[in-house]
Amino acid sequence: MRTQVGIIGGGPAGLLLALKLARSGIESIVVERRARDYVLSRIRAGVLEWGTVEQLRNASVGARMDREGLVHDGCTIYAHGQSVHVDFRQLVSKSVMVYGQTEITKDLYDELDASGIQVLHDAEAVSLAGLETCSPSIGFRHRGASKCIDCEFVAGCDGFYGPSRQAIPRSERREFEKIYPFGWLGLLSETAPVSEELIYSGHERGFALCSMRNPSLSRYYLQVPLDDDAANWSDDDFWNELKLRLPVEAAERLETGPSIEKSIAPLRSFVTEPMSWGRLHLCGDAAHIVPPTGAKGLNLAASDVYYLHNALRDYYRRGDLAGLESYSSTALARVWHAMRFSWWMTAMLHKFSERSNFDDRIRKSDFQYVANSEIGRLMLAENYTGLPYWRR
Ligand code: RFL
Ligand code: PHB
């Protein structure tokens with residue numbers, strides 16, 4: 001098989017890149033390790049920055065999002081007995097869109113099918129070769145046969161555990177990592193959301209988040225120890241603990257019901273540098289992971305795709321290599337801002353058992369800065385709704 005861009009990974013980064021490239025007349029093939037149903041059963045992100053919304057619209061894949069997504073103009077941060085409303089529209093004239101990653105992935109698959117773009121599912125033993133040459137390739141096993149895609153560029157969109165990042169020699173890679181001593185237990189239920197906007201709660205019992213997918217589907221999270229197991233939590237245990245961690249008015253309004261999904265995700269901050277090696281360019285979770293507190297993971301995947309698509313388009317239209325050469329540094333500048341913001345939100349709102357009394361006062365002071373200063377809320381709103389896509 002031969003194509004211009006070989007894409008490893010059929011998550012949001014790989015699928016959006018394939019679609020945007022097709023819109024610019026550039027061919028690609030996507031190789032995905034899992035079956036489509038498996039990819040579509042993963043419940044992940046829920047909050048889209050406006051830059052992500054506009055990218056989906058520009059790739060003509062935003063119609064259902066615009067019909068079914070919920071536009072949010074603010075959110076509530078609760079800690080130390082005080083609720084603070086952060087009004088995005090008033091502070092930065094921007095909003096976010098609440099629309100599940102599962103729905104985006106489905107919309108992207110439907111659009112790729114309609115455009116005749118190949119996504120090869122159930123690919124096993126995927127490997128990369130010739131990355132330092134002009135003709136790299138992707139080898140894999142598919143339905144019992146060995147296959148190879150010869151291409152001109154490889155986009156590594158295969159998430160944190162995929163092979164692309166590992167294909168960059170260890171001596172050429174620098175990794176930056178922070179592991180947090182807790183995870184998030186998420187629960188999905190067919191109940192009305194407790195509030196119209198998201199509530200982030202930094203309670204002394206631990207963090208909690210009230211989110212949603214639509215007016216009758218709620219998504220809630222609780223901070224739990226890293227070694228906890230979702231099976232240890234009955235639905236009643238979850239609802240009781242959630243009520244204890246929310247502002248009283250919200251706890252009283254909370255509608256409870258059976259869970260339709262319950263799972264624990266660990267929290268991690270991770271960046272690999274550089275994001276390019278020869279003809280390989282990494283996008284999304286393959287290059288970086290943020291704790292979900294700032295709702296940045298999917299949005300960073302989308303901004304990487306924005307930069308990489310523009311760089312490949314300039315190369316194929318004009319033979320201009322400048323965008324590809326600066327892709328890593330351009331993408332990383334935005335990545336590090338999101339790293340800082342996600343780390344800051346996580347530190348401010350979670351309970352750290354090993355933290356000193358000094359750290360606890362800093363955490364309280366961070367929250368009070370948001371509560372008492374419009375500049376504090378402005379910083380939160382600007383980062384949460386998404387920093388601009390700077391150009392080189
Ligand atoms: P993905 O989604 O992990 O997709 C990578 C794809 O690559 C495939 N793959 C391979 N394919 C071929 N060969 C191999 N050897 C392969 N190995 C892996 C995988 O099967 C998969 O299909 O990465 P991508 O595309 O970079 O997208 C990143 C996002 O999924 C991720 O950052 C977000 O979900 C993070 N995230 C959130 N992000 C937000 O922007 N807003 C949020 O509100 C938000 N909430 C969340 C989140 C992540 C969470 N979890 C579970 C980690 C909430 C949670 C709980
Ligand atoms: C979600 O709805 O899954 C969600 C929302 C906001 C976050 C993280 C996850 O910060």
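## Ligand 1 and its contacts

In this predicted model, an oxygen atom of ligand 1 is placed 2.7 Å from a backbone N or O atom of leucine 298. Taken alone, ligand 1 would expose 1000 Å², and the protein buries 88% of that area.

The shell around ligand 1 holds 32 residues, of which Glu32, Arg42, Gln101, Asp285 and Leu298 come nearest. By residue class this shell divides into 14 nonpolar, ten polar and eight charged residues. Helix H1, which covers residues 12-23, and helix H9, which covers residues 297-318, each supply at least two residues of the shell, and the largest share, three residues, comes from H9.

## The protein as a whole

The protein contains twelve helices and 20 strands, and its C-alpha trace spans about 60 × 40 × 40 Å along the principal axes. A compact globule of 392 residues would have a radius of gyration near 21 Å, and the protein has 21 Å, so the value agrees with that expectation.

Of the 392 residues, 57% count as buried, and the accessible surface of the protein comes to about 16600 Å², with 48% of it belonging to carbon and sulfur atoms. Among the contacts in the protein with a separation of 6 or more, 72% are accounted for by residues 24 or more positions apart.

Serine 373 sits in the loop between helix H11, residues 357-372, and helix H12, residues 374-385. Its relative accessible area is 15%, and serine 373 is therefore classed as buried, the cut-off being under 20%. The side chain of serine 373 reaches the backbone nitrogen of isoleucine 375 at a distance of 3.0 Å.

Asparagine 58, by contrast, belongs to helix H3, which runs over residues 50-58. Because its relative accessibility is 64%, and exposed means over 50%, asparagine 58 counts as exposed.

Note on methods: Residues numbered from 1 in each chain as written. Chains lettered and ligands numbered in written order. Predicted model: local features only at pLDDT ≥ 70, side-chain atom pairs only at ≥ 80, totals over all residues. Heavy atoms only, no water. Near = heavy atom within 4 Å. Polar contact = N/O pair within 3.5 Å; in protein donor to acceptor, adjacent residues only side chain to side chain. Areas by Shrake-Rupley, 256 points an atom, 1.4 Å probe, with all protein chains shown as cover. Helix = DSSP H or I, 4+ residues; strand = E, 2+ residues; numbered from the N terminus. Nonpolar A, V, L, I, M, F, W, Y, C, P; charged D, E, K, R; others polar. Buried < 20%, exposed > 50% of the residue type's maximum accessible area, 1.4 Å probe, protein only. Rg over C-alpha atoms; globule rule 2.2 N^0.38 Å. Contact = heavy atoms within 4.5 Å.
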